[in-house]
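Subject: Structure handover

Dear colleague,

I am passing this structure on to you. Please look it over before reading the notes that follow it.

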Amino acid sequence: MDLKRLDERLDELGQPAYRGRQVWEWASGGAPGYEAMTNLPLALRTALAADVPFSTLTAEAEQRSRDGTVKTLFRTHDGHPVEAVLMRYRDGRRSVCVSSQSGCPLTCTFCATGRMAFGRNLTASEILDQVLHFRRSEPVNHLVFMGMGEPFMNVDAVLDAARRLPDIGITHRRTTISTVGWLPGLERFVEEVTEPIRLALSLHAADPTVRSELMPVNDRYPLPDVLVLCRRHWERTNRRVFVEYVMLAGVNDSPAQARALAELLGREAFKVNLIPYNPTGLFDGSSRAAIAAFKAELDAARVPATVRLTRGRDIAAACGQLVAPARETRPALA
Ligand code: SAH
């Protein structure tokens, strides 16, 4: 729900400040609507239901993967599409992947989101409502800002939302913000944030020419400047920065490129996550053997590295596949 509007409305209704906290306590705990908030007077529940929509987002369609992953397409009040994904793991982990913008203004060549029209930044409430949608059906305990958009282009709303996540059951240690290295937002995050929120960097190529081809933003904010800030985050929090590296056949997956990456990162401050490419058109994904050989080079250099488990590919819910088609073509909510 729009928490600003809620506070304003409560104020207009002459309600004490603790009412807002009560409403948030219910909403963050997964309550289905105002009617469930039994410690609020009935007349107030009715007034709020009429004036402050329970969610800022309307769920329009939902798809379920064979692996248990759920992808939901939402619409903002002004018609912008937003997608979020819930990943379920056998060990009980429930991880939500949220969008920070509708679409994305960056044009990374391997990512489908960059090809849809950019809408706008989402508000903190619109980010939280993605999480609450899933929270209403089951407890959730991890979150990644890895859906549509560049979180550090919308740093205020992202941090506002991140700071409220513990109320929903997601601690800061289990929250990850992923960035292409958008320097102004990254700088604020590194300088201001004292909470132990995890930082992830989409790196994808150690070589500047290759990285600029894959991610035009590299010309604007060169990698060396970005890495300085990432190291500072590691020094401040003592938490390694995760490096995302999508494996593209013949582009960035050679053993020599793995050694260059190891050289660039060193052993201490980073942990590499190799991401199998999810087909979006332009590239071929690296073979399993190429990924294993790349990882072996990182292992030899003693740079911690893992290969990301792909989830939700059959419903286009995997990394880089979020691209909401036009409204008319969506199936009805299942
Ligand atoms: N803009 C931020 C947040 C999005 S995170 C960022 O880029 O970090 C989404 C992650 O999925 C990024 O690491 C991105 O590089 C990766 N990704 C994009 N397209 C992909 C694809 N087709 N296959 C695998 N990973 C992809």
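The notes below cover the domains, the contact between them, the ligand surroundings and the salt bridges.

Please keep in mind that this is a predicted model.

Domains

The contact between them

Domain 1 and domain 2 bury about 970 Å² between them. Carbon and sulfur atoms give 53% of that area. As for specific pairs, there are 6 residue pairs in polar contact between domain 1 and domain 2, with both residues at pLDDT 80 or more. The count of salt bridges between domain 1 and domain 2 is 0.

The ligand

Around the ligand there are 22 residues. Those that come nearest are S178, S202, H204, E244 and N278.

- S202 has a polar side-chain atom 2.6 Å from an oxygen atom of the ligand.
- N278 places a backbone N or O atom 2.8 Å from a nitrogen atom of the ligand.
- T179 has a backbone N or O atom at 3.4 Å from an oxygen atom of the ligand.

So that you can find them in the view: S202 and N278 are among the residues named above as coming nearest to the ligand.

Salt bridges

How many salt bridges does the count come to? The total is 19, while the count between domain 1 and domain 2 is 0, as noted above. One of the salt bridges joins E83 and K71, whose closest N and O atoms are 3.6 Å apart. This pair links distant parts of the chain, with E83 in strand β3 (residues 81–88) and K71 in strand β2 (residues 70–76), 12 residues apart.

Regards

Technical notes:
Residues numbered from 1 in each chain as written. Predicted model: local features only at pLDDT ≥ 70, side-chain atom pairs only at ≥ 80, totals over all residues. Heavy atoms only, no water. Buried area = accessible area lost by both parts, 1.4 Å probe. Salt bridge = Lys/Arg side-chain N within 4 Å of Asp/Glu carboxyl O. Polar contact = N/O pair within 3.5 Å; in protein donor to acceptor, adjacent residues only side chain to side chain. Near = heavy atom within 4 Å. Helix = DSSP H or I, 4+ residues; strand = E, 2+ residues; numbered from the N terminus.
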